[in-house]
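Hi,

Here is the structure I promised to pass on. Have a look at it, and then read my notes below.

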Amino acid sequence: MTESAEAGAVVRRSKPDLLPANPRFSSGPCAKPPGWSLDRLRIDALGRSHRGAIGKARLGDAIARTHALLGLPADYRLGIVPASDTGAVEMALWSLLGSRPVTMLAWESFGAGWVTDVNKQLGLDADVRTADYGRICDLGGIDPASDIVFTWNGTTSGVRVPDADWISADRTGLSICDATSAAFAQRIDWTKIDVGTFSWQKALGGEGGHGMLVLSPRAVERLERGPAPRPLPKIFRLTKGGKLLDGIFKGETINTPSMLCVEDWLFALDWAERIGGLDALIARADANAAAFDNWVQRADWIEHLADDPAIRSNTSVCARFVDRSDQEANTARQKAIVRLLDEEGAAYDIGAYRDAPPGLRIWCGATVETSDIEALGPWLDWAWEETSK
């Protein structure tokens with residue numbers, strides 16, 4: 001707001017003239033890659049069996065190209081599994097945990113959910129370390145004989161681990177990482193990750209419902225050493241007769257995938273490869289996060305939820321209101337801002353996660369254009385003032 005020199009009256013800023021070209025800032029499903037359209041997807045695999053030659057070839061292509069784009073070690077397996085990232089994480093937890101102590105690290109809603117599953121559903125007495133929204137817990141002194149479960153990037157809290165240096169290279173336990181908001185946008189040292197999971201609807205803007213599971217040779221050895229210490233439903237089973245179901249990692253999916261979603265994912269891979277691969281994807285996410293940070297630094301009513309830049313996400317960037325004296329009022333204000341910007345076609349789905357402090361959550365992954373982040377800032381300021389009437 002500005003103040004008139006003559007009358008001392010408060011003059012509200014006018015509505016911005018420039019709308020973001022793409023107002024889709026949701027943190028999942030995320031914005032489609034630039035240039036995406038339905039008529040650019042191949043359809044020859046649709047209406048055909050995923051176990052036929054065309055379907056298996058397209059699934060195998062999706063796996064091989066994803067493996068290459070992420071820069072996974074050559075001896076790591078990558079497979080398509082049911083139920084998005086959640087399904088991939090649950091498959092890992094149920095199939096692998098129980099033979100060793102477990103250390104759970106949680107700094108947001110999904111990490112807290114994995115703690116609940118491990119302690120209450122699997123009945124394991126895990127060592128649990130937690131942190132408030134906007135922070136990560138102490139990463140020091142973790143027993144290398146313990147299995148570790150953590151999220152690389154906290155989608156609902158806007159934080160990420162700074163690196164993987166804290167994971168022992170000489171560990172005898174497995175490191176299990178939910179990397180769904182980090183893959184394709186952040187540098188992950190995969191040699192420190194034994195099990196990685198992510199989904200298609202995050203950093204490359206794919207469709208929901210399909211997860212991807214990364215297994216190191218150490219994880220495969222654990223799976224083949226003996227059966228899981230609990231009954232497993234069919235969609236969690238990764239071995240048969242003491243051997244890895246290798247077909248899963250070649251495109252022979254456990255259940256029927258959506259071939260339309262597969263084609264959509266292949267389009268995203270085409271785009272990512274065309275713009276320069278992983279380095280280009282990370283650079284785009286970094287540029288978007290920097291543009292959003294430039295706006296936050298100028299605004300006096302909002303601040304980063306993660307105040308330490310070293311652990312601040314460059315994808316699911318979360319901000320909270322500076323004045324936090326009335327949480328109920330802030331929650332109402334958040335809803336009003338989200339509704340107003342949606343009606344204006346300026347931003348969709350930008351409210352903070354329901355369990356997080358009231359504020360905003362802006363997806364800054366690679367499929368978002370930096371120009372749209374820059375255009376968003378004035379609309380956020382305008383909406384803040386409009387909702388104070």
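**What turned up**

Phenylalanine 184 sits in the loop between strand 9 and strand 10 (195–199); strands here are DSSP runs of E with at least two residues, helices are runs of H or I with at least four, and both are numbered from the N terminus. The phi of phenylalanine 184 is near 75 degrees, a positive value in a residue other than glycine. With 2% relative accessibility, phenylalanine 184 counts as buried (under 20% relative accessible area, with a 1.4 Å probe and protein chains only).

Before going on, the ground rules: this is a predicted model, where local features need pLDDT of at least 70, side-chain atom pairs count only at pLDDT 80 or more, and totals for chains, interfaces and linings use all residues. Residues are numbered from 1 along each chain as its sequence is written, and side-chain values use heavy atoms, leaving out hydrogens and water.

Another positive phi in a residue other than glycine belongs to aspartate 349, near 60 degrees. Aspartate 349 lies in the loop between helix 7 (327–344) and strand 16 (359–363).

There is also a cis peptide bond, from glycine 28 to proline 29, with omega near -5 degrees. Proline 29 belongs to the loop between strand 2 (10–11) and helix 1 (53–70).

Now the sheet: seven strands form an open sheet with mixed pairing, in the order 3-11-10-9-6-4-5 (two strands pair if DSSP finds at least two bridges between them). Its edge strands, strand 3 (77–82) and strand 5 (127–130), each pair on one side only. Strand 4 (residues 102–106) runs parallel to strand 5, joined by four bridges, and threonine 103 stands opposite aspartate 127 in strand 5.

Best wishes

Definitions and conventions. Buried < 20%, exposed > 50% of the residue type's maximum accessible area, 1.4 Å probe, protein only.
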